[in-house]
Amino acid sequence: MNLACKLLASFLLIFFFSSKGAVSKKNITILGALERDINLDIPAFQMSEHVEDIQWSKGKTKIAKFKNGSMTFQKDKTYEVLKNGTLKIKHLERIHEGTYKVDAYDSDGKNVLEETFHLSLLEMVSKPNISWSCTNTTLTCEVTKGTDFELKLYLNGRMIQKSPRKVIVYKRASNQIASFKCTANNTVSEESSSVVIRCTEKGLDIYLISGICGGGIILFVFLALLIFYISKRKKQNSRRNDEELEIRAHKVISEERGRKPHQIPGSTPLNPAASQPPPPPSHRPQAPGHRPQVPGHRPLPPGHRVQHQQQKRPAPTPGTQAHQQKGPPLPRPRVQPKPPRGATENS
């Protein structure tokens, strides 16, 4: 009875592998997401005690081996074979794209299973960013990351636009209150964003207000710097003018001092008119060439010498001499001639 049961189990096992992919060569395509983990499951396969060895390879390179219930080979920590024969790949990168093959062997070393997988990787989509302007009634939906995605825009729950590109621009008919939803999805990921827009006809756009405030601040700073510069220049010019006036004043004083005559210490300047003795009261200075005759006297005979008594002038000092040479010549006093002795005796 036991022998019959064993023969029946062996028959069923052989039938199971032959009918469910034993030595089959299927090419299964699997899509994975970058920077995520993935499991390569063997379809229609159930681990049993008759399967002794499972080997995984990429191309012609063996990457992992599972034998007698434990891992016996592992190329690196990225690959791991689970107890059901599934290959787990951690933190997918572009180098993990390619063709993978799994082989299962029984205790006799017979190949009872062969499957092939082609792994392709996609970049996950980023969360859509919704922006709008109440001034020109424009709404924009944009994503920055993603591979083979589709972007969809919904207005109040109704899809109004879709595009395979990263940006959707929608022109609104009015500024009424509306609910928008933007969705980005591909085979390995999906992200969405929602917003309720409230714009009034008389309201200002937040970007316009921010621009006005920023421009006002910049203008205020510029005016403050301009005023500071002008005041500083005025102070410098005033200081320069004061210095020039002071230099000119010193120069004028120096020139006036240089024009005054040099005086000898201890001596006083003499007046040329005051240095001469006053003429006699009866003799007033007259114009040269007009000499009146003295009454009671006769003219002298020719050849008779007349002695004139002249008063000696004091010798002028060097300072007074220089001063006298500058002015016009002064008139000399008239001297009364003395009568000759013979004329006096005859009278």
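What share of the 347 residues in the protein chain is buried? I found that buried residues make up 24% of them. Buried here means under 20% relative accessible area, exposed means over 50%, and partly exposed is in between (1.4 Å probe, protein chains only).

A note to myself before going on: this is a predicted model, where local features need pLDDT of at least 70, side-chain atom pairs count only at pLDDT 80 or more, and totals for chains, interfaces and linings use all residues. Residues are numbered from 1 along each chain as its sequence is written, and side-chain values use heavy atoms, with hydrogens and water left out.

**Entry: the whole chain**

I looked up the secondary structure and got five helices and 16 strands. These are DSSP runs numbered from the N terminus (helices are H or I with at least four residues, strands are E with at least two). Next I checked contacts, meaning heavy atoms within 4.5 Å. Of those with a separation of 6 or more, 57% are between residues 24 or more positions apart. The accessible surface came out at about 26400 Å², with 55% of that belonging to carbon and sulfur atoms. That area comes from the Shrake-Rupley method with a 1.4 Å probe; for residues, only the protein chains shown count as cover.

**Entry: patches**

A salt bridge would be a side-chain nitrogen of Lys or Arg within 4 Å of a carboxyl oxygen of Asp or Glu.

Leu219, Phe222, Leu223, Leu226, Tyr229 and Ile230 make a nonpolar patch, with about 590 Å² of accessible area together. I checked Leu223: it lies in helix 2 and is partly exposed at 41%.

Asp242, Glu243, Glu244 and Glu246 form a patch of negative charge. For the charges, Asp and Glu count as negative, Lys and Arg as positive, and His and the chain ends are not counted; each is placed at CG of Asp, CD of Glu, NZ of Lys or CZ of Arg. Glu243 sits in helix 2, residues 206-259, and is partly exposed at 45%.

**Entry: positive phi**

Which loop holds Glu35? I found Glu35 between strand 1 (27-33) and strand 2 (38-40). Its phi is near 65 degrees, positive although Glu35 is not glycine, and Glu35 is exposed at 58%.

Ala44 is in the loop between strand 2 and strand 3 (51-58). Phi of Ala44 is near 55 degrees, again a positive value, and Ala44 counts as exposed at 54%.

Note on methods:
Patches are made of residues with over 30% relative accessible area and no salt bridge: like charges are joined within 9 Å, nonpolar side chains (Val, Leu, Ile, Met, Phe, Trp, Tyr) within 5 Å.
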